[in-house]
Amino acid sequence: MFDNVVILLAAGQGKRMNSDTNKQYMHLFDKPILAHTLDVFQNHPLIDEIIVVTRQEELDFCQKEIVERYNFSKVNRIVIGGKERQESVFNALRVVDKENCLVVVHDGARPLVTPRIISEVIENAKITRASIVAVPVKDTIKRVNSSKLVVETLKREELWAVQTPQVFTKEIITKAHERADRENYLGTDDASLVEKIGQSVNIVLGSYENIKITTQEDLDIAINILRRRKACE
Ligand SMILES: Nc1ccn([C@@H]2O[C@H](COP(=O)(O)OP(=O)(O)OP(=O)(O)O)[C@@H](O)[C@H]2O)c(=O)n1
Ligand SMILES: C[C@](O)(CO)[C@H](O)COP(=O)(O)O
């Protein structure tokens, strides 16, 4: 049996949000975005421990106003992130002390992840060792050059929009990050690093509601989804 360790990323700056408060700490209804995300993992029976990654200047706030205030008892470490998302994951990986475990990487800015998604991606990774959440794209996607000229139209039936959680054995994700670090490769998700070491990566169907809160309009979408979910409780 694997233990399941979450790396929860909250060390970004939220520049695209254009707000004075870092987006992870902005409120959605009753609590900060990061507390919503933590809630889902804290209450999930398959999750054993959580490592939160934060910025140095927000460490104290994260510890006192998020972890202690909402009593997230599964959080056993808070580590300092790096300049890029990938560095933040690598910093957290270095403190995962369990040998034989699955590492579940999740964006703190995706508070609408559901227990169903977490269960399915972990169960899949137990078998495949590398499993990520994604949804088929709905729009037509084109490759465009720097002069804004269309270069080609991609085959939509082959395109998936990738989300988190992304789950790997500790051995695979560590090897992938070490190789990327050595070769100065910077990817926009962890799976791209795993692909580079020749490991196949499996897709589990996510949800169009599992959005990453990136810009102001995402906040309105998240509020509407949460309002509907609360009304159904
Ligand atoms: N150096 C970084 C950059 C990002 N993240 C985290 O990775 C997730 C996805 O990143 P993104 O949405 O791009 O967040 P930001 O980097 O904060 O946003 P922006 O690019 O607009 O500044 C977020 O939960 C963010 O906190 C991180 O832990 N460390
Ligand atoms: C990992 C990710 O959320 C998958 O969609 C995404 O690539 C993160 O990108 P960002 O630029 O760090 O938001």
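Student: How many of the ten residues of helix α1 (residues 33–42) are buried?

Tutor: This is a predicted model, in which local features need pLDDT of at least 70 and side-chain atom pairs count only at pLDDT 80 or more, while totals for chains, interfaces and linings use all residues. Residues are numbered from 1 along each chain as its sequence is written, and chains are lettered from A and ligands numbered from 1 in the order in which they are written. A residue is buried if 20 or more other C-beta atoms, placed from the backbone, lie within 10 Å of its own, exposed if 12 or fewer, and partly exposed in between. Helix α1 is mostly covered, and its buried residues number seven.

Student: Which elements do the buried residues of α1 pack against?

Tutor: Helices (H or I, at least four residues) and strands (E, at least two) are DSSP runs, numbered from the N terminus. Contact means C-beta atoms, placed from the backbone, within 7 Å. The buried residues of α1 include Ile33, Leu38 and Phe41. They pack against β1 (3–10), β2 (27–28), β3 (31–32), β4 (49–54) and α2 (59–68).

Student: Which strands stand at the edges of the sheet, and why is one side of each left without a neighbour?

Tutor: Strands pair if DSSP finds at least two bridges between them. Seven strands form an open sheet with mixed pairing, in the order β5-β4-β1-β6-β10-β7-β11. Each edge strand has a single partner, so one side of each lacks a neighbour in the sheet; the edge strands are β5 (75–80) and β11 (202–205).

Student: At what angle does α3 run to β1?

Tutor: Axes are lines fitted to C-alpha atoms, for helices over the stretch in contact, and angles run from 0 to 180 degrees between N-to-C directions. Helix α3 lies across β1, β4, β5 and β6 (101–107). Its angle to β1 is about 140°.

Student: Which strand gives the most to the shell around ligand 2?

Tutor: The shell holds residues whose C-beta atom, placed from the backbone, lies within 6 Å of the ligand. Among those around ligand 2 are Arg85, Asp107, Gln163 and Lys212. Three residues come from one strand, β10 (residues 160–169).

Student: How many residues surround ligand 1?

Tutor: The closest are Leu9, Ala11, Gly12, Lys15 and Arg16. The elements giving two or more residues to this shell are β1 and α3 (85–93). The residues around ligand 1 number 21.

How values were computed:
Contact = placed C-beta atoms within 7 Å.
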